[in-house]
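Hi there,

Here is the structure I promised to pass on to you. Have a look first, and my notes follow below.

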Amino acid sequence: LPRPRPSPKAPPRSLLARLVASAVAGTALLAWAAPADPEADRLGLIALYRQAFPQVPVAEYVYGALVFSRDAREQYDSLMDFPPFLGTLDRGREMWERRFGNGKTFADCFPDGGRNAAGRYPRYDAARERVVTFETALNDCLLANGEPALERSDMARMGVLTAYARTLSDGMPMQVEVNGPAALARYEAGREYFYRRQGPLNFACASCHVQNAGRILRTEYLSPAVGQATHWPVFRGGDALNTLQARYKRCLEQIRVAPPPIGSRDFDDLEYFHSYLSNGLPLKASVFRK
Amino acid sequence: MFCSARPGVGAVRRTVIRVRDDAGGIVRPAWVIGLVAAFCASPAARASDPPTGRELAFAASKGNCLACHRIPSDPSAITMADIGPPLIGLRARYPERAKLAAQIRDATVANPETVMPPFGRNGVLTDAEIERIVDYLYER
């Protein structure tokens, strides 16, 4: 079935790239110094995907690669009727509701008891000069209440906690904000990471999820980047819990690149950029993936 | 098990199992069996032989062509991939062997935006391995 290929054009737009480009071209720096525009990035990608697979409504992108396969989507729908991971969500709820030593709970750390909270992350924390993910915010809550923080990479504890905590925002929109030059710089760093070709196979995240979204890698459809950040954690095979950054790690391993640690600045910046792309789409938490 | 004694093929089987853990789905058993069969059932398979062009083309740690391409004329090429064009009629499409080899060595020379890995430039395949893959592809 012939269909237009998404344009592979994904120019690096880091400040450094612009400086180099302007020096080479002898162009005035000001001409290149226009700020990055996250909203233009998001809408540009959506336009690309709509051209590549016009039959898929944008609202369906939250289902990832499932939108390309009726069979896979039916399998998903029937599994989600009685998800095999409900017991894990119950354990997450126990963690969420457990009283800290001072009598407070996680719900006391977030407006509205944590409802509609997850989609507001990642956010930029000017005081700490870094991106704060939802997991970081959960750890901040623990530390503020005199409790030990959890390992970001610990799927059995942090993963299980987020699996429940994110359900409190199920169906509510992603609403990531990038305000001010310092936040924009982290967004830009994440964007640069996403488009950077890495490793012996010379793949960027965008090689699959922009240039080839909707196509089949051996047996598996490649999902569009827009919508990807809405549905974490996933339970692969029904019970193997993976947070978004655990998936980043696995993706990089699959393309033979040594991944940065879960919770590193590289991954937090990437998650910031990546999550912004899903703004306006509803969270799907937590979900099955095969 | 005779197959795991062969250098190269053992690596292939490990890779297949790793991918199998990750991929899942109803099509999984068929293509895993197909891949293992393609490597292990080859009558040419002997412990001391270097991998054939087909083995190099199929191995996930080497050419891994089937991740992105179909090879319609080879029934053992089990894949649904549609990222790159089907590998068919390559003798006609690349009358000069050197150009096909160059494309495998570093496809970004002809098209900087391509997602095809630069197998030779990045040391995933040696020149000799690329030549054997060209031999195989020329028969397709």
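Let me start with Tyr63(A), which counts as buried at 13% relative accessibility (buried is under 20% relative accessible area, exposed over 50% and partly exposed in between, with a 1.4 Å probe and protein chains only). Before going on, please keep in mind that this is a predicted model, in which local features need pLDDT of at least 70 and side-chain atom pairs count only at pLDDT 80 or more, while totals for chains, interfaces and linings use all residues. Residues are numbered from 1 along each chain as its sequence is written, chains are lettered from A and ligands numbered from 1 in the order in which they are written, and side-chain values use heavy atoms, with hydrogens and water left out.

Tyr63(A) belongs to the loop between helix H3 (38-52) and helix H4 (70-81) of chain A; helices (H or I, at least four residues) and strands (E, at least two) are DSSP runs, numbered from the N terminus. Leaving out residues up to four places away in sequence, Tyr63(A) touches Arg73(A), Tyr76(A), Lys284(A) and Arg289(A), where contact means heavy atoms within 4.5 Å.

Next, a helix pair in chain A. The axes of helix H10 (residues 244-254) and H11(A) come within 11 Å and cross at roughly 105°; axes are lines fitted to C-alpha atoms, for helices over the stretch in contact, and angles run from 0 to 180 degrees between N-to-C directions. H10(A) and H11(A) are therefore roughly perpendicular to each other (angles of 65 to 115 degrees count as roughly perpendicular, under 35 as roughly parallel, over 145 as roughly antiparallel and the rest as oblique). On the H10(A) side, the contact is made by Leu244(A), Gln245(A), Tyr248(A), Lys249(A) and Leu252(A), and on the H11(A) side by Phe267(A), Asp268(A), Leu270(A), Glu271(A) and His274(A). Sorted by class, these are five nonpolar, two polar and three charged residues (Ala, Val, Leu, Ile, Met, Phe, Trp, Tyr, Cys and Pro count as nonpolar, Asp, Glu, Lys and Arg as charged, and the others, Gly among them, as polar).

Apart from neighbours within four places in sequence, His274(A) is in contact with Ala225(A), Gln228(A), Ala229(A), Leu244(A) and Tyr248(A).

Some backbone details in chain A may interest you too:

- The peptide bond from Trp232(A) to Pro233(A) is cis, with omega near -5°. Pro233(A) is in the loop between strand E4 (220-221) and strand E5 (234-236).
- A cis peptide bond also runs from Ala285(A) to Ser286(A), with omega near -15°. Ser286(A) lies in the loop between H11 and strand E7 (287-289).
- Asn202(A) has a positive phi, near 60°, and is not a glycine. Its place is the loop between helix H8 (181-195) and helix H9 (205-209), and it is buried at 14% relative accessible area.

Pro148(A), in the loop between helix H6 (134-144) and helix H7 (155-165) of chain A, is exposed, with a relative accessible area of 62%.

Now to chain B, which has six helices and zero strands. Of its 140 residues, 44% count as buried. The chain exposes about 6,900 Å², and carbon and sulfur atoms supply 61% of that (areas come from the Shrake-Rupley method with a 1.4 Å probe; for residues, only the protein chains shown count as cover).

How do helix H5 (residues 97-105) and helix H6 (residues 127-138) of chain B cross? Their axes come within 10 Å and cross at roughly 120°, which makes H5(B) oblique to H6(B). The residues in this contact divide into eight nonpolar, no polar and five charged. Among them are Leu100(B) and Ile104(B) in H5(B), and Ile130(B) and Val134(B) in H6(B).

Finally, Asn64(B) has a positive phi of about 50° although it is not a glycine; this residue is in the loop between helix H3 (53-58) and helix H4 (90-93) of chain B.

Best wishes
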